[in-house]
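Me: Hi! Could you walk me through the charged pairs in this one? I'd like to go pair by pair.

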Amino acid sequence: MTFFNAFALSFGLLLAGLVLIAAWMFRTAAAPLAAKLALPALLVALGCLTPYEVNSMLGLPRMAALSALPDRAELIAFVAHDEDKRADLWLRVEDAPPRAYEIAIDEAMKKLLRDARDRKEHGGRVMLVKRAEHAAKETGHQGVTKQRSADPVYAIDDSAFALPNKGDGE
């Protein structure tokens, strides 16, 4: 099922539910008060949450922190917004369809995206993996440890799309 079909189905069910609730409310005045309050409240909640899910259903980037992104993903495309210090990334995990994310970028991420752009311009594919050493602890004054950064940084995995080594000829 495509994202647009999922959106159309959920929005259609919302409208059908509104019609049924309105008809039920006017037809049966003897319904329990809890049902008269719960069903309209549920429909209002669904109606309020649906617009926030439209962007991800239609494939538009949604806001995400670097820590919320997958640990290993293929970079399909990106658009950097330097003046806003943000970037839109389209990432694919294994064989799943690509997902779009909008993230905040720093100088290290800008450099990584420039390297990725250069590889893609030369016909290469880019696999991103989270670096574990970025979250390593630093030691401050008097032996106090502090976290250097809460968000892990991606690195390009050079071996992800390499051909396997040949065996001994067997």
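Reply: Happy to! A salt bridge here is a side-chain nitrogen of Lys or Arg within 4 Å of a carboxyl oxygen of Asp or Glu. Keep in mind that this is a predicted model.

Me: Fine. What joins Lys 130 and Asp 71?

Reply: Their side chains form a salt bridge, with an N to O distance of 3.7 Å. Lys 130 sits in strand 5 and Asp 71 in the loop between strand 1 and strand 2, so distant parts of the chain, 59 residues apart, are linked.

Me: And is Lys 130 buried or exposed?

Reply: Lys 130 counts as buried, at 19% relative accessibility, because the cut-off for buried is under 20%. Asp 71, on the other hand, is exposed at 57%.

Me: Switching over, what does Glu 74 pair with?

Reply: Arg 125, in a salt bridge at 3.0 Å, N to O. Glu 74 belongs to strand 2 and Arg 125 to the loop between helix 3 and strand 5, so parts 51 residues apart in sequence are tied together. Glu 74 is buried, with a relative accessible area of 9%.

Me: Which residue does Glu 102 bridge to?

Reply: That would be Arg 86, with the closest N and O atoms 3.1 Å apart. The pair ties strand 4, where Glu 102 lies, to strand 3, which holds Arg 86. Glu 102 is partly exposed at 22%, while Arg 86 is buried at 19%.

Me: How many salt bridges are there in the whole structure?

Reply: The search finds nine. There is also a network of salt bridges linking Arg 117, Asp 118 and Glu 121.

Key
Residues numbered from 1 in each chain as written. Predicted model: local features only at pLDDT ≥ 70, side-chain atom pairs only at ≥ 80, totals over all residues. Heavy atoms only, no water. Helix = DSSP H or I, 4+ residues; strand = E, 2+ residues; numbered from the N terminus. Buried < 20%, exposed > 50% of the residue type's maximum accessible area, 1.4 Å probe, protein only.
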